[in-house]
Amino acid sequence: MVNPISLHLRDFIPLVSYPAICPDYKLIFRGMADVEHCSGTQFHSVVHLLSEDQMTCLDKFEMGYNRIIVNSIDYQNS
């Protein structure tokens, strides 16, 4: 969720948010946005740190996805 309005409408309040680059992944659309490993590519996104309770709510709201670990580089560290 890059759009702050989407966060607000879902009543998610991140503890921290920052722009980042996700190396070796690409953004694809399969009816909704998804990411796929692809060496040598990158995409720009926003990292949100959510509380455990908010992650549980997000899991219920955004059904049908699997959490994966994606490396990210904060713009300030790139």
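These legends walk you through a few close-up views of one predicted model.

Before you start, note that residues are numbered from 1 along each chain as its sequence is written. Because this is a predicted model, local features need pLDDT of at least 70 and side-chain atom pairs count only at pLDDT 80 or more, while totals for chains, interfaces and linings use all residues, and side-chain values use heavy atoms, with hydrogens and water left out.

**View 1. Lys 26 and Glu 36 pair up across two strands.**
Side chains of opposite charge can pair when their charged atoms come close. A salt bridge here is a side-chain nitrogen of Lys or Arg within 4 Å of a carboxyl oxygen of Asp or Glu, and the structure holds four of them. One joins Lys 26 to Glu 36, with 3.8 Å from N to O. This pair links distant parts of the chain, as Lys 26 sits in strand 1 (residues 16-29) and Glu 36 in strand 2 (residues 33-49), 10 residues apart. Strands are DSSP runs of E with at least two residues, and helices are runs of H or I with at least four; both are numbered from the N terminus. Lys 26 is partly exposed, at 31% relative accessibility, and Glu 36 is partly exposed too, at 29%. For these labels, buried means under 20% relative accessible area, exposed over 50%, and partly exposed in between (1.4 Å probe, protein chains only).

**View 2. Glu 36 also meets Arg 30.**
Here the closest N and O atoms of Arg 30 and Glu 36 are 2.6 Å apart, in a salt bridge. Through shared partners, salt bridges join Lys 26, Arg 30, Asp 34 and Glu 36 into one network.

**View 3. Asp 59 and Arg 67 form a salt bridge.**
Their side chains meet at 2.5 Å, N to O. Asp 59 is partly exposed, with a relative accessible area of 29%.

**View 4. Tyr 75 and its contacts.**
Look for Tyr 75 in the segment after strand 3 (73-74). Tyr 75 is partly exposed, at 37% relative accessibility. Setting aside neighbours within four places in sequence, Tyr 75 is in contact (heavy atoms within 4.5 Å) with Pro 19, Ala 20, Ile 21 and His 44. Tyr 75 and Ile 21 are 54 residues apart along the chain, yet their C-alpha atoms are separated by 6.9 Å.
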